[in-house]
Every structure is written in structure tokens, then in C-alpha cells.
There are 2 protein chains.
Amino acid sequence: MGFEQAWLNYTERTSCEGADELQYICVDIEEDFRPAKTGLTEFGADELIENGVRELQNALEGMTGCRPVSREQPDEGAGKGIHLLFQKGIPAEGYRLSEKDGSVKIAASDSRGILYGIFALLRQIRIGKTLRGMEFSKTPDMPLRMLNHWDNMDGSIERGYSGESFFFADDEILINDRTVTYARLAASVGINAVVINNVNVKDAATWLITERYLGKVRELNEILSGYGIRLFLSLNYAAPVELGELESADPLDERVRGWWKKRMELVFREVPGFGGFLIKADSEGRPGPFTYGRTHADGANMLAEAAAPYGGLIIWRCFVYNCQQDWRDYKTDRARSGYDNFIGLDGMFLDNVVLQIKNGPMDFQVREPVHPLFGGLTGTNQMLEVQIAQEYTGQQRHLCYLIPMFKEILRFRTHVKSKEDTVRDIVSGKAFGQTNCGIAAVANTGNDDNWTGHDMAAANFYGFGRLAFDTDLTAEEIAGEWIGMTYGQDEQVMETLQYLLMQSWPAYESYTSPLGIGWMVSPNNHYGPSVDGYEYSRWGTYHRADCQGIGVDRSHDGTGYALLYREPNAVVYDDKEKCPDELLLFFHHIPYLWKLRSGKTVIQHIYDSHFEGVEMVDEMVERFRKLRGKLPQKAYERMMERFVHQKEHAREWCDQINAYFYRKSGISDERKRKIY
Amino acid sequence: MGFEQAWLNYTERTSCEGADELQYICVDIEEDFRPAKTGLTEFGADELIENGVRELQNALEGMTGCRPVSREQPDEGAGKGIHLLFQKGIPAEGYRLSEKDGSVKIAASDSRGILYGIFALLRQIRIGKTLRGMEFSKTPDMPLRMLNHWDNMDGSIERGYSGESFFFADDEILINDRTVTYARLAASVGINAVVINNVNVKDAATWLITERYLGKVRELNEILSGYGIRLFLSLNYAAPVELGELESADPLDERVRGWWKKRMELVFREVPGFGGFLIKADSEGRPGPFTYGRTHADGANMLAEAAAPYGGLIIWRCFVYNCQQDWRDYKTDRARSGYDNFIGLDGMFLDNVVLQIKNGPMDFQVREPVHPLFGGLTGTNQMLEVQIAQEYTGQQRHLCYLIPMFKEILRFRTHVKSKEDTVRDIVSGKAFGQTNCGIAAVANTGNDDNWTGHDMAAANFYGFGRLAFDTDLTAEEIAGEWIGMTYGQDEQVMETLQYLLMQSWPAYESYTSPLGIGWMVSPNNHYGPSVDGYEYSRWGTYHRADCQGIGVDRSHDGTGYALLYREPNAVVYDDKEKCPDELLLFFHHIPYLWKLRSGKTVIQHIYDSHFEGVEMVDEMVERFRKLRGKLPQKAYERMMERFVHQKEHAREWCDQINAYFYRKSGISDERKRKIY
């Protein structure tokens, strides 16, 4: 299995004013500079600079034909070059990039900042912006910018749509050239933490924290930390039992607490700079503190206490719900469960615990309201979890650029405070002055040649990192960056791909899920339409459609979920007259003939949006077709194959959904289009 | 894995007048007797008698405490005994059983007849009927009484609900004590042919006709033929290609024809008395003559010609349909496809070809009309295929005694002739004077201790064989026989189990599938309700429910399927006023408020039948509960576990189906029961 370089493919000459004059790279350290605490070992810090310099050399050689030399001090008359300057006063991980008299300066107070500055410079060059007079600085907005890989040790990936794992095969850890390229890709967009194994920790993965694997974990960690990335592992809460060492995993049992202390000591000693653990507990069959009548706080704090001496973090997922619900039960509401399970524990977690909260209360649907724990919790470190693996959004066979969705989520006002109250403010640490917080994405990579199955799905990987680093970037800007980085400066390519990316989420929403209802997908594999697929199941994911209407009553008359939000959000969501159209069926059971704000009835909206979604895809495919010859042939063919499928599959979605609602409601399409 | 003896468990003393006097067994041959052609080798014939004598000895010892001795000739004064008498004039496989002066005579013209007579005698004894003055004879109604095992060579069983295969494991053929008990069970109910491997022939199974396996096949055949059972194999139509020997499997290619001739020579030589082959061709992705633009007749006849010199049969399945249908296509009708594919070939098949036709045009639903090829074909050997593996009828977790359904099918009048026109007449050979015909069941056995998962599912195995042998037996009689054979004479046991068996099919139909609609099951595994599960799929299995009504228009206005039957069947099915209620939705799209003959509306029938089905199961479980202590403990517990599940699952079926139709139609239950 080969692999490509994605957006770090520097084989093409680029025209960037000032770039081809750069003849050397040297490291300067301000006289009174003392290295800031970076969380990285010194070892890592050194490697970072070495890796950054090598990246610069290779990239400039590829893009300008001239490979700058690395030197301790520039000689007299050495010409123009790049100065990597350690300077105090710049915030951790931040950088300042400037140009003067043909020389470029990348200043930072730590190695990561330098590395990020290097990648920022390469971006400038690849995208063809002039270096003349350049002067800007940037500090990442989120402390933790993390990828969660759901890779299993047998090489499979849960919800993976890009081949097999490149971290694991046959219960072994893989370390090879691909690992390095992965680290470069992640670092280039500012990722500073990764979890390499599936949150559902079973079988061999339980043993990752034992001697059996720690040697390899350390090796992998060395590569990642050389790019400023802290390695985390997903943890099996029941490890003391499943490793056969204890009979219990009760977090208040002293033997259990002692066991974890010893275990953490081992792991952090064997893997210098190790980040910590991600835990899915008491969820979807995974073990947790509930078994022992304890709370999530008990469980998380036990682990956090053991990890604290080493600066380790415990990232505890809030995706907890009853997955054995009876569909006949209209009172239980899965949407409430994350909130109900955690709100009472607010303030009880140690400072090195971070609660990881999915963006919405259900599970990565194409449209959900923001999770009410954001704005609910005030005394707890929080991390936003999004998914760039397109589990419910086309599985990297459909194009669905998710950055516009993430933007909406980040700017959502929770009203937990009168200002600085958005999700972005909360998870960046601004709202409550926290530092252990940030954003994590369930990764969309695998060992496919192009990393992400659909070549354009790489824009989600790229975009997630960039957005986490700089939340002010617009989705369009990020798309443009990714296109430029990946395919260069051709205007038609830029315009077409940007159009495709920006259309893709609205299109996907249109031909799949109307008005926030969600879950009309095939059970288990979550691909393709099945309107009633989850309607009579145990998963708590119902649409409650009947011949009169559709939607789940989550208002005060229903499950009361709408009231979990702070005002004025609660009153807006609770009132079907005020609720935004795009979430109407999430919050209310609405008759098909109800008039939306758009002036259309619900049923007509369903018909129209589905037909429109198909038309959007048809148009997208037509535009893409014209790029033949303008994109690398292999990439074009891979994409075209997917677009052809998407076109057909969008039609299938449209026809099934429309047929379903037409048959159910008996109400005809006003425009008399073909419904089966 | 241990195994039990099912209905051949002779460990209990039984009281049967005349049985405990039997002191010897001897074989008599009429003076002018010459062995009839049995289709068995002489070797088989000898083994048959030996096996029959051993069966008699073991059984009588177990049931009476006295083991009769086997002797060439009874001595003077040897007392009373059993005479196995070879006598001419009795039809092949038939027997005459009589008693006079305390001695029993089993007369037949061939060894199989003797063996069947022996099992008939043991039945008399076990069930406790007196032997005094006994005098009856029976010739099997069907020439071929066959089991089709869908066992894969890796040990799995397609649609198997009783554990793994006992014929195969790890790509090897298993031969052990269980094989012998299987042969005894099958022979005891008159089975005379078995196919041991899945009709979907893949991987190792393609190699069964090669030296790799033929030695073991011969060994297995020796055991089976010792019980009068001919061994058949399922064949991979593309074997010449898949075995790597030819590039083509074109049935008109002389090289292909030559290949098969050599192959058949090998197989029939290595496996004396081998029966022949079952073929699923051009169906559900299996290869076949269509690939080469040839007909099923071309394919079947090529194989038949090669097998003819050895008396081999080619059994060719008619389960051929387009499994890539578009649900939007209302014109294509899967129900038509078997008929449409084969009717034009009538009369073109060689005499050692038998077309194997499923009982209904779809696929083993709880209710289907009889396949229109029965009565359609007049010049072709036909075999009826039923399924005792309860794929769509509860998977041996629900009790569903299928013999009443098979009775209905067999007595269906096709009107192909003015008399002797029933399905029974056709497949018994009576209608058209054929001999290569009969009935096959997809088997329900596995390596579970009790053979069939649900202990009572053994009644379907038992009953299928008995019914094939003697189609005049009623379902009640067969149930009574099975209960008596298995559990003895306790009246409460007899009455309760007979009640359960006879209620079970009507109950299952009531709480699952109303009015012949079918297919409202979970896709793939076919277990549990999913009303829309197949509605938008590629399988051609739709119910077309909308808010007005439900059903598939197969009348002259629709797909025209109803007109494939001979009159007066066609006119009855074609007319919604005349169509029997239980098949109404199979043939017509009917409004929910349409009045059935029962006087109920369709929708009220749906509600009522589902609630009633649940009540029937509740009552069944209550009655079964009272058998605690009356049945072997292990068997009782196994059954009880299943009944508890069935009760809950019947409720689930009822609630989902009723909720679905209530939500769709908006029409309330007249009796105001709880619908979700």
C-alpha cells in the first residue's frame, strides 16, 4: 500500500515573491530567553526544530528549486534566509512571522510555535502570497487540538471509510514512513494531541498499557512528539479486572486506586511526555464506575489523581445513554441523557479531567442543536468532540465539507454569561479561564493511498486542524487554503472545488434529513436511507412519524429537553413558533401541513428540499466533470467514481424519503414531480 | 458436543400388546422372489437389513427388556418372532405389516421396504398400539423424499438455527456416531435422499467432486446407503472454471460437455450408488448458463446427459429472479420470475432432470399462494421444495409446526387436469406418470444436542418425512406420532403438545404477517419485525403500504401474476371480491377500510389478528408451563427458555406492526387497545 502526501505535496514549482531568495535557515536565541514550559520534553523540543528545518528544506527545494542550507550562524554575505528566533513574550505555541529586506523571521517562545510558524510560512509560499513585508502573528485558539482515531488493533477502524488502520495491524503497533508523514500532516495544521486507538477498548487494546506494548508506544510517541503532538491512549475502564490483576474496578477501592497509581507510573515513565487517556465509560456496553454504584466523577478523579504527578490528562466522554430503550417508551429521551448524567457533577472533577462532549446531544447527525452541557457546565473543563469521519454524512463516498457546521457550533451562544459565552469561548478556555480544554475530532484517515478515501475529505482533516488553531478563519478561507495547498493555483480548480465544498453540507442535508429530524439511515452501517430503520429499535432514535405529522416533542409538553438550555435559547426551542426551521422536527412533533417560516408546509419542504438536494449534486458533478485534465489523473478518477455514486445515491435518498412521506401523508407534491 | 436420540430414544419401557413376546428375528425369502431394482447397490441392500435388524434388537430391548435374537431360520419351538419376508408383488419401498399368532411379518420386495416396515413396527410399539391382528401396508407416496442441508464446509449453516454443521467442519467432511444417528432418524421417517452441502456452492465445496474429498464422500455414502438414503451433492455450475481446468462453463461447448462426462464418471465410480446433484444456477449471484446466453434446459441437460449412464439425477432449482430490482419499478414482479423463466422450457428437459420448485413464488413466507409452475408445467419432472428450517417462521426460537401448511400446499388443486391435479398428484408422479419427482425440505438440523434447537422443531423434521411418505396422514396424526415417539404416552403431555403444535402456525401468522403480505421482517437475518425493512430494497419484496391501503396489485391491472394460474384459480385470485382473505394482500392493493369476508375491515383485521396472535402465544406458554416435571428436565428448560422469548417477541411483533399501521392509516382500533 503506497501513500501520497496530501496537502504536503511540494513537488510543484510555485511562484511566491521572496521565496526563491531564501538561502539558509538558522536558529537565533534572544539573549535573555529562557525556554517556556511547553509540556514537551527537551528531547521533543530539539526534534521539533530539526523536523521543522527539514520540512523547510524539502518544501523549498520542491517549490522553488533551491534548498536552503541550515547553519548555526549566517556568515557575512550569506544572502537572505530564514531565522528561527526563540524570543520571550510570545504566548505558548504562538508564532510571529515577518519579513524584512528579503529575510524571513519566525519568532516563538517554544519549539511548537516555531514549527507552526514554519508551516505557516510554507502555506504562504504554496498559496503564492508574497512574502514582502509580511508581518503577522498567531496564537492557537484552543489549548487542545486533538484527533481521536477509532482504530482497532486488528487493523480495522470503527466507522473508518479510508481503508485499514496505519497505527495497528494484527494486534501490533505499526511504525514506518507513513507514521512520519501522518505526524507532519497533523502538525502542519496545528494538531497537538492524538488518541491512536478506538474508544471502545477491547481485546489486545486493553494491553496497550502493559509491557507488551509500551516499548512500541514509546517509539511511536518519539515520532509524534517530534512534531509537537502528545500521544494519548483510549483506556479500558475495567483494565485492572480484564488484565486479570484485580477482581474489581471500583474507583473507591483502595486496591484499585493503588493499582492505577502503579500503572500510571509505569506508563508515564516508559513513555516520556505521554499525554494521558481518553475514556468511554458506562456507554454502549463499555464498563465504568456505574457497575460499582459510583459516579463518573469518582471514576475520572481516581484516574486523574494517578496521572496528575506526570502532567497527564484524563479525557472523559459524556456520550452516555441508555442504549436498551424501548421504542414504546415516549418519556425517555436519549437527547437528555448526556446532560442528565453529568450536570449534577459539575465542579466535582479534578483539574486534569476534561469532559469531552459531542457537538450535539445525539450522535453526529447532519443537523443537531448544540449539546446543552455547553453552557450547562460552569465549573468543569470541557472539550468539544466533532467527527470528521463522515459516519452519518456520507462516509467519505459523498462529499460533505463539515467546517461550516463546526463554525456554526463554535459560534453558538450558550448564554452562560452575558458575553464570551459561545461554545468557542468555553472550549478555548476563555469563558472560565481554563487551560485543559479544546476540541477533538474523530479522525477520517486510514491506509488508503490518499489517506481519506475521498480525496476531498482531506479538506475536513485539514480544515479541522486549521479551525481549531484559528477559529476566526471562515470555512471558505479554509477551503481555499486546502485547495491551494493540495492542487495549486489554477483558478478554475480553485473556484470549482470551493463551490463543491461549500455546497456539499447543505446539499447533503437537503437530500437526506429534513428539518433536524435525523436518523433515517440504515441501522448499524449508517449508510443510505432507511426511514423507519431506527424507529422501532432500542437506540432511542425515533422520528415518530405518523400520517398526520412527524417529529419528537422535546418541549415542556414532551420530554422537556428544550428546557435544558439557558434562556433565551430554551424559550426559542421550546416554542414551535419560534424554533428555527432547521431544528423544528428535532424539538417538536409537527403536522405535515404546518407552515414553516419559509412559507412552505412541512411536507412541501420535505419534497422540495429533497429534489433540490439532488439537483445540487447534479450540478456539483457537472462542474467537477469539467476539471478533467486539471487535477492529477488518479485523484480525478477516484473523485469522479465517488461523485457518480453520490449522484445516484442522492437520487435514492430523495426517492425513498419522498416516497415514504408521500405514502404516509397522502399529500401530493404541489409541483407534481415523480414520487414513487 | 453430545447429542440425543430425538424420537428414536428407546430407553423407556412401553406397554404394547404383543411386543414383549417377540424372541427372534429372521429373514425369509419367497421361493420365486427375485430382488427388485432398488436403485441401491447390493452392498446397500445387505447393510440395510443388518441395520434394520440391529435397530429392532436395540429398540425392543429398550422398550420391552427383551432383545430378540437374529437367526437364519427360526428353530422349531423358537417361540414368536419377527419375519422379514422378501416377497414379490409389493411395490418398491413399500411394506406389508401383519401379525398372526403372536408372530409379526414384515414383507417387502426390497430392503428399503423391509427397513421402513421395521420402523413402522417400532412406531406401533412405541406409541402403544396393539400388535394383535395388525394388518396394513403402505407404499410411499413420493418417489423422492429428500432433505437439503444448507451446510457450508467451514461448519456454518446458511439459515441454520440449531448450531453448526455435523457434516462439515474446517473444510473437512465429518463422519462419526452422529452421522449414523442422523441416518437412522432420516430413514425412520422414510427419507431416501439427502443433499449434504449448501446450494450456494463456494470455496472448498466446489472441490467436493474432486479427489480431495471423494474418498470421504464415499465413506459417508456407505453409512447413508446402509439406511436406504441416496447421497446427493450441491454443485457449482462453474466448477470447470473454478477448479481451474477450463475457461468456460458454456453448456454447449464440447470441451465443457466432455469435462463433465469425465467428472461424472469419476464421481459415480468413486461413490457407488451416488444419487446426483442439486444445482442453484443463475440465482442470487450464483453462476449458470445465462452467462453464455444459454437456457436452464441447456445447462441441466448437459449435466443430465453426463450423469445418465450412472442413473444419476440432476435436480435443478427454479428459484431464479432478479435480485437487483429497483423498488421504484412497479412492473417487475419477483413472484412471476420462476414461472417466466421456466414455463417456456417445459418438455425440454431430459428425464433424469427434476425441477425443484419452492412451494410459493416468493421465499418460504408464512403464507404464500402455491407456485404457479405447479399446474403450469406438464412435461417436466417436478419436485416440491419446502423449508423446515424456519427462516421466516421464527427460526426455531418460535414454535411453528409447518405440517399443516404443507398439507394445504399438497392438496392445492392446480386444475392442470380435471382430476389428479393437486400438487401432491404432480410431485408424486401420479398426474403425469413420472417417477423422478417428489418433495424436498431445507433441513432444520445442526449439531445442537437436540438436533433442532427448539426441541419441538423436531416435529417438523419428523413430520416432513412422514408426510412425504404418507400424504394421507393428517397434521394432527403426525403430531401425535411425534409426541408419542418422543415423550411417550402421558395424556397431558400428548394433549398439551398437540395443542401447541396445532396452534403454532396460525399463531405465528397472526402476530406477524396479515393477509398474505409477508416480508415485514428484518433484512438479512430475517428475524423479527421490520415493516419497511424490505420496502425500498433490491429484493423485489414490497408491500406498497401507504396511508390509504396496502398490498401488491398482481391482478390483470397490475403485474398480471394472478393470471399465471389455470382457471378457475386465476379468476379467483384476480378478483379482489373472490380472492381468499388470507391471500388478499398478496394479490391486491386494498384500502384499509375494505371489508373482508369476515366482516372486518382490513385495518381492524390487522389489529385484531396481531393482538389475538399474542394471546394465543400467552395461552400456549401457560399450558406448556404445566408440563414441568412431565418432560425430561433438560428438554423442558430448553423449550421454556424459547417460549419465554417467543412470548415477549410476539408482543414486539404485534406492537411494531400495529404501531406502523396505526401511524400510517390514522385509523383507531375499534376496541381501543394500546397501540404505540
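1. How much accessible surface does chain A have, and what share of that surface belongs to carbon and sulfur atoms? The total comes to about 23,900 Å², and carbon and sulfur atoms hold 46% of that area. Keep in mind as you read on that this is a predicted model.

2. A compact globule of 676 residues would have a radius of gyration near 26 Å, and chain A comes in at 25 Å, so the two agree. Along the principal axes, the C-alpha atoms of chain A fill a box of roughly 85 × 65 × 50 Å.

3. For the secondary structure, I have 17 helices and 18 strands in chain A. Of the 676 residues in this chain, 65% are buried. Take the contacts in chain A with a separation of 6 or more: residues 24 or more positions apart account for 72% of them.

4. Now the interface. The size of an interface is often given as the accessible area lost when the parts come together. Here, chain B and chain A bury about 2,000 Å² between them, with 52% of that area coming from carbon and sulfur atoms. Which three residues supply more of chain B's share than any other three? They are B:Arg328, B:Tyr536 and B:Arg663, which together give 38% of the area that chain B buries against chain A. In terms of contacts, 21 residues of chain B meet 21 residues of chain A.

5. One residue to look at in chain A is A:Ser510, which sits in helix α13, spanning residues 491-512. Is A:Ser510 buried or exposed? Its relative accessible area is 16%, and the cut-off for buried is under 20%, so A:Ser510 counts as buried. Leaving out residues up to four places away in sequence, A:Ser510 touches A:Ser609, A:His610, A:Gly613 and A:Met616.

6. Over in chain B, have a look at B:Ala193, in strand β10 (residues 193-195). With a relative accessible area of 0%, B:Ala193 is buried. What does B:Ala193 touch, not counting residues up to four places away in sequence? Its contacts are B:Leu144, B:Arg145, B:Met146 and B:Leu147, along with B:Ile229, B:Arg230 and B:Phe232. B:Pro143 is 50 residues from B:Ala193 along the chain, and their C-alpha atoms are separated by 9.9 Å.

Technical notes: Residues are numbered from 1 along each chain as its sequence is written. Chains are lettered from A and ligands numbered from 1 in the order in which they are written. This is a predicted model: local features need pLDDT of at least 70, side-chain atom pairs count only at pLDDT 80 or more; totals for chains, interfaces and linings use all residues. Side-chain values use heavy atoms; hydrogens and water are left out. Helices (H or I, at least four residues) and strands (E, at least two) are DSSP runs, numbered from the N terminus. The radius of gyration is taken over C-alpha atoms; the globule rule is 2.2 Å times the number of residues to the power 0.38. Buried means under 20% relative accessible area, exposed over 50%, partly exposed in between (1.4 Å probe, protein chains only). Contact means heavy atoms within 4.5 Å. Accessible areas come from the Shrake-Rupley method with a 1.4 Å probe; for residues, only the protein chains shown count as cover. Buried area is the accessible area (1.4 Å probe) that two parts lose on being put together, summed over both.
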